[in-house]
Amino acid sequence: MALRPIDNALPVPPPERPMKQLKASVPAAAQKEPESKANDENTAPPLQPPAGEASIDYVPSEQLVAIEDPNSEIQEMIEGFDSKDWMKLCASLNKARQFAIFHSELLVPNLEKAMSVLVKAMKNPRSALIKTSIMASSDIFSAYGDKLLDSKTDAFDSWLLQLLLKSSQDKKFVCEEADRALSSMVKSMTSLPLLQKLKGYGSHHNLRVRAKAAVSISNAVAKMGMEEMKEFGFVPLAQMAIGLLNDKLPEAREAARKVVVSIYEVYTRDEEEKQEIWQSFCESYLAPVHAQSLTKITAGSP
């Protein structure tokens, strides 16, 4: 049987190629910002937000000016404290900063109210309002100092907790502002009553709050003299430091070591045999393992 020529064979159809799916084009204006960038909490809000969005000016304290007619504007500020419009609340908080710096006596009757408003603002999810409230906190600390501790409610305690929380969060520009406010608080207040407020946070369940509290405790102790330390108690001060020496965060451990050095310097100030006196104190009032830790920290001190 004769073979058919290959040229006469039926052509084999090529394999079908899958049809490409058409992609719908998305206008550039409608494309969403990448998730990683949109949720980057360390990125501060843009200085010039898109048109149509509200903007807040963060005015440094040294650039604030006195109010022309403070007596007539004090009531407007108080009314703004109760506003549900966050922009109006920001404006009132900035006005409070002006009163604190230039017309402090007019704000005194409303300090309790101001502290409550600051706490409420710091709990708000808007970063601009949070930062404005923290900046106001710094100015109010500087203006009133120990007067703020005369609160008849828990307003100051709530305020302090919020500042510690904000200084512990991931938003860098908020965290740094809260650190400045806490520093202003320590500089403006007498260490002894402030330590009574801070000491409880040295054992807070949130390790980042605990570390921030430790830094403020360290700065407050560094300001204390012999009489203040005696009144608080050298042993309670040492025990407070011991509780933080083995903390999980290095920031807390470093603050605790600074507390120990501050206690040592005051306790041995008028002594010639400083290390011997210090060792005797530690061994007399502390557990052996703790006494050894404290004497080791001060071993290189003069």
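1. Basis. The model is predicted, with local features needing pLDDT of at least 70 and side-chain atom pairs counting only at pLDDT 80 or more, while totals for chains, interfaces and linings use all residues. Residues are numbered from 1 along each chain as its sequence is written, and side-chain values use heavy atoms, without hydrogens and water.

2. Helix pair. Helix α8 (residues 172-188) packs against helix α10 (residues 207-222) at about 30°, and their axes lie 10 Å apart. The two therefore count as roughly parallel (angles under 35 degrees). Helices here are DSSP runs of H or I, at least four residues long, numbered from the N terminus. Axes are lines fitted to C-alpha atoms over the stretch in contact, and angles run from 0 to 180 degrees between N-to-C directions.

3. Helix contact. From α8 come Cys 175, Asp 179, Leu 182, Met 185 and Val 186; from α10 come Lys 212, Ser 216, Asn 219 and Ala 220. Contact means heavy atoms within 4.5 Å.

4. Core. The largest nonpolar core holds 83 residues, and Met 185 and Leu 294 are among those with the most contacts inside it. Such a core is a set of buried Ala, Val, Leu, Ile, Met, Phe, Trp, Tyr and Cys residues joined through side-chain atoms within 4.5 Å. Leaving aside residues up to four places away in sequence, Leu 294 touches Ala 238, Ile 242, Leu 245, Val 260, Trp 278, Cys 282 and Leu 286.

5. Loop histidine. His 204 sits in the loop between α9 (191-198) and α10. His 204 counts as buried because its relative accessibility is 16% (buried means under 20% relative accessible area, 1.4 Å probe, protein chains only).

Definitions and conventions. Parallel < 35°, antiparallel > 145°, perpendicular 65-115°, else oblique. Buried < 20%, exposed > 50% of the residue type's maximum accessible area, 1.4 Å probe, protein only.
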